[in-house]
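Subject: A structure to look through

Dear colleague,

I am handing over the structure below, and I would be grateful if you read my notes with it open beside you.

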Amino acid sequence: MNLEGKHIALLATNGFEDDELTKPMQGIKDAGANVTVISERTADITGKNGTTVSVDLAVEDVIHDDYDGLLLPGGLQNPDTLRLNDDAIDFIGEFFAAH
């Protein structure tokens, strides 16, 4: 798969399932895409098993039109936390309505 020149938003927060973030993110990068890690704040986030990931942007600062794809890693805590964040819900909804 060639994703050269594509820009992918990766939306996650603390408690993500480590392999469900790191492996797809690496695969997307290996396919040539740029990945922007987005979370509730720009502080590092930590997975369920201790993987730390640097955050590029806070979800309140993103524009859905800037991205060609969206990755939402699994886990229990990650989606539960994001579904309580109005900015995250708005971003996801706007992204899917536009794409």
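The largest nonpolar core has 16 residues, and those with the most contacts inside it are Leu10, Leu21, Ile28, Val37 and Ile45. A nonpolar core here is a set of buried Ala, Val, Leu, Ile, Met, Phe, Trp, Tyr and Cys residues joined through side-chain atoms within 4.5 Å, where buried means under 20% relative accessible area, exposed over 50%, and partly exposed in between (1.4 Å probe, protein chains only). At least two residues of this core are supplied by each of β1 (7-11), α1 and β2 (34-39), and the largest share, three residues, comes from α1. Helices (H or I, at least four residues) and strands (E, at least two) are DSSP runs, numbered from the N terminus. A second, separate core of twelve residues includes Ile38, Val59, Phe91 and Phe95. As background, nonpolar side chains tend to be buried together in soluble globular proteins.

Please keep in mind that this is a predicted model, in which local features need pLDDT of at least 70 and side-chain atom pairs count only at pLDDT 80 or more, while totals for chains, interfaces and linings use all residues. Residues are numbered from 1 along each chain as its sequence is written, and side-chain values use heavy atoms, with hydrogens and water left out.

Turning to charges, there are three salt bridges, a salt bridge being a side-chain nitrogen of Lys or Arg within 4 Å of a carboxyl oxygen of Asp or Glu. In one of them lysine 48 pairs with glutamate 17, with the closest N and O atoms 3.3 Å apart; this pair links distant parts of the chain, 31 residues apart. Lysine 48 is exposed, at 55% relative accessible area, whereas glutamate 17 is buried, at 18%. Lysine 23 and aspartate 19 also meet in a salt bridge (3.9 Å, N to O), and because they are four residues apart in helix α1, about one helical turn separates them. Aspartate 80 forms a salt bridge with arginine 83, at 2.4 Å between the closest N and O atoms.

Which side chain of opposite charge is nearest to aspartate 18? It is lysine 48, 7.2 Å away, and aspartate 18 is buried yet has no salt bridge (Lys and Arg count as positive and Asp and Glu as negative, while His and the chain ends are not counted). Aspartate 18 lies in helix α1 (residues 18-30).

With best wishes
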